[in-house]
Amino acid sequence: MIEEAAGSAGQPRTLTAAAFRDAVRAKLAYAVGKDPSRATAKDWSMALSLAVRDQVVERWFESTKASHAGQKKHVYYLSMEFLIGRLLNDAVCNLGIESQVRSACAELGIDYQAQLEQESDAALGNGGLGRLAACFLDSMSTLGIPAHGYGIRYDHGLFRQRFHDGWQVEEPEDWLVSGRAWEFERAEMAYLVKFGGQISFDGHGATYWRADETVKAVAYDTPIAGWRGRHVNTLRLWASRPVEVLDLGRFNHGDYMSAAEKTIRAETISRVLYPDDTTAEGKELRLKQEYFFTSASLQDIIRRYLEDNDDIRKLPDQVAIQMNDTHPAIAVAELMRILADDYRLTFPEAFEITRQCLSYTNHTLMPEALERWNTNLFRKVLPRHMQIIEWIDYHHLAEVQGRNLPVSLDAIRIIEWGSEIKMGSLAFVGSRRVNGVSALHTELMKQTVFKDYHVLYPDRIVNETNGITPRRWLYECNPGLRALLLEAIGDGWVDNLERIEEAAKFATDASFREKFAAAKKANKVRLAAEIERRIGLRVDPSALFDVQIKRMHEYKRQLLNILETIALYQAIRRGPGAEWTPRVKIFGGKAAPGYQIAKRIIKLANDVARVVNNDPIIGDRLKVAVLPNYNVSLAEVIIPAADLSEQISTAGMEASGTGNMKLALNGALTIGTLDGANVEIAERVGPDNIYIFGLTADDVAGLRQRGYNPNATIDSDPTLKGAIDAMVNGTFSPDDHGRFNEVADRLWHTDWFLVTADFQSYFQTQRTVDLDYRDKNRWTERSILNTTKVGWFSSDRTIRGYSKDVWGVEPIF
Ligand code: CR6
């Protein structure tokens, strides 16, 4: 037991550095099994994590007890993705034990920072949606909302990205290989999940599902401590295991391969994360994954509910279940199945309860990204659920027909043409609330995808603009800025990020400005070193760091940024003697392995980088750094160092974005379209502190409707034409002139994402940025105003919104 000074209730107890040092030594010996003289960096990091974990665990038990005793409504956040990143520093900072941990490390002769880097990223997500889920876990714990996150414990998270000759190469990710300090296997917490087979009825109201495949979902729990360690929630991830460990009969006959077949088949379900950001791929296995974790989670939710309650009909009083996108939308049918088939409620009763428990967050309007399942496949994998969905569709339609409202009945059907199930519709119909993730996105939801549903249920759609946790995305990743803020305004902003505005008054204070600029500079030096380490490119930390980090997607328009880079490169070559503002363009992002055009754009970025970086005429005026394997940990290094944040999606297409918030909070100025949450960022930082350019969502819709002709635009803009020509004349691909023909053809012929339409406005705005950056004082002032005016984008605010508008839950303290 570690020696601790008693703390008052709700306050972190203080731990002495000496006690902690001894605890780490003990972990190294008795948990890792190593003598200090033989321990590797990995061993020390494990020992350190286990010692910190003990601190979390004590608070975890208390939180669990408090949640049970309080009998408060509980939140269950169902998400196919949790993009957690590393946990050690997060736990240390949230528990407020950083100084003790650092001193203990110093006494043990180990470098704390180096220990942190030993931990592999938990990359169980693709991008914004998964990272949002991780921020929400932090905020729910911080606010004392009793909650569980539920997801899949993938053996392999998002692929590792490497560049081979500038092309993206995907390698399997292996986060579990060297052991994981943060999770607890709960072998006893297992549920059976069934697939396929037949349904029969006994004539007395009982339904039987004879499945032809059954697997076991085994729980792995990770405690998630909130700020000041006041409350610790659980992230429960399910691993898929065979019901029988081995077919001994076959094994004894020497048939070793087929003896293991069922094991392999079962374990396949939680083997890999689908590396697709926005499209539903992988068909049957993907459907099984979705059902697998949803079913296990619902069984677990009901078990927990019945520990303290006996009336299943009152489930909605205690349980709020959030479906993060449509991936867990099968919950609508699964909860009904459990209530009707296991607890013998009628379908109408079961449907009512289901609709009171569930809510759904929509994260995209892109039609290709809205999940649909073929009914034949669905019936094969989930025969009982197919019947239930048919029942819901039929009854819902009947209910609507009776109301005589101006809606298209075809548009509100869940099953389209009898052949496809629209999961967004199922989620909508089965939910109590449906939310969008930014004001603009929610408005567009009402006008487009859910237009008819919105007529039927005018109160169901609500907006909850996304947020980010200030703990990871400022306190932990930007120690320089953190220290400055602590000195200037204390630590209230970590609990309530809107209080960061108290520092806005220092924007014009010369000494504060100097310190702020120095912190930024230090972060840029750190990033410059990282760039050199990763790709061997030397960049000047006093240049403008222009950052676009996000998944590679046509709608996010990395291509617009690359074309601007080419145009700038050409301009510098034409007049190297002019006064240029030195810039480093920094790109990071993965493309889905099957997304060919996105992969080609990565190659283009790398080809342009090679030519620009090696052109002696250009020198330090322009450098292009394309960093491989962008992930949470790399984001933590890039974001604090950014001067300019690229948020340049085609207006109307980025539901929210969250990188935009992280970058602004760390003092980057945004160059962006009026899309997603950029709109709300612009409102808060004010027009002088953001660069807005290009078409609005309305313009985009109008232009697309009228039919856009990129030809005319390109022909009339020599800068743009020059850049596109260079792309196809071999300037960047001397070894293969035709490499980017398809990319250029799309721009010339359709340009669905309106890159050419926005180019001129973007290019000009970038030149304004160049001029503005030269006035360092003024730039720092505006940078401070970004940091201090975006406190509203804390995920704590978002979670308060969900608690009130969506879940109807209250904190336990
Ligand atoms: N790709 C949106 O595109 C949003 C996040 C989180 C996304 C993005 O704008 O910030 O969700 N959508 O709400 C999906 O993943 C479907 C994303 O991350």
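Guide: Across the boundary, 35 residues of domain 1 are in contact with 39 residues of domain 2, contact meaning heavy atoms within 4.5 Å. This is a predicted model, in which local features need pLDDT of at least 70 and side-chain atom pairs count only at pLDDT 80 or more, while totals for chains, interfaces and linings use all residues. Residues are numbered from 1 along each chain as its sequence is written, and side-chain values use heavy atoms, with hydrogens and water left out.

Domain 1 is made of 71-86 + 121-465 + 799-807, and domain 2 covers 511-793, with bounds that come from an automatic or database domain assignment. Taken over C-alpha atoms, the centres of domain 1 and domain 2 are 35 Å apart. Between domain 1 and domain 2 about 2,800 Å² is buried, with carbon and sulfur atoms giving 59% of that area; buried area is the accessible area (1.4 Å probe) that two parts lose on being put together, summed over both. On the domain 1 side, Gln161, Phe163 and Trp167 lose the most area to domain 2, together 21% of what that side buries.

As for charge, the count between domain 1 and domain 2 is one salt bridge, a term that requires a side-chain nitrogen of Lys or Arg within 4 Å of a carboxyl oxygen of Asp or Glu. A search of the whole structure finds 70 salt bridges. One of these joins Arg482 and Glu98 at 3.0 Å, N to O, and this pair links distant parts of the chain, with Arg482 in helix H21 (residues 479-489) and Glu98 in helix H4 (residues 98-108), 384 residues apart. Lys599 and Glu170 also meet through their side chains in a salt bridge, at 2.7 Å from N to O.

Turning to helix packing, the axes of helix H6 (residues 128-143) and helix H35 (residues 795-807) come within 9 Å and cross at roughly 75°, so H6 is roughly perpendicular to H35. Helices here are DSSP runs (H or I, at least four residues) numbered from the N terminus, axes are lines fitted to C-alpha atoms over the stretch in contact, with angles running from 0 to 180 degrees between N-to-C directions, and 65 to 115 degrees counts as roughly perpendicular. Cys135, Phe136, Ser139, Met140, Thr142 and Leu143 of H6 meet residues of H35 that include Ile799, Arg800, Tyr802 and Trp807. The residues of this contact of H6 with H35 divide into seven nonpolar, four polar and two charged, where Ala, Val, Leu, Ile, Met, Phe, Trp, Tyr, Cys and Pro count as nonpolar, Asp, Glu, Lys and Arg as charged, and the others, Gly among them, as polar.

How values were computed: Helix = DSSP H or I, 4+ residues; strand = E, 2+ residues; numbered from the N terminus. Parallel < 35°, antiparallel > 145°, perpendicular 65-115°, else oblique.
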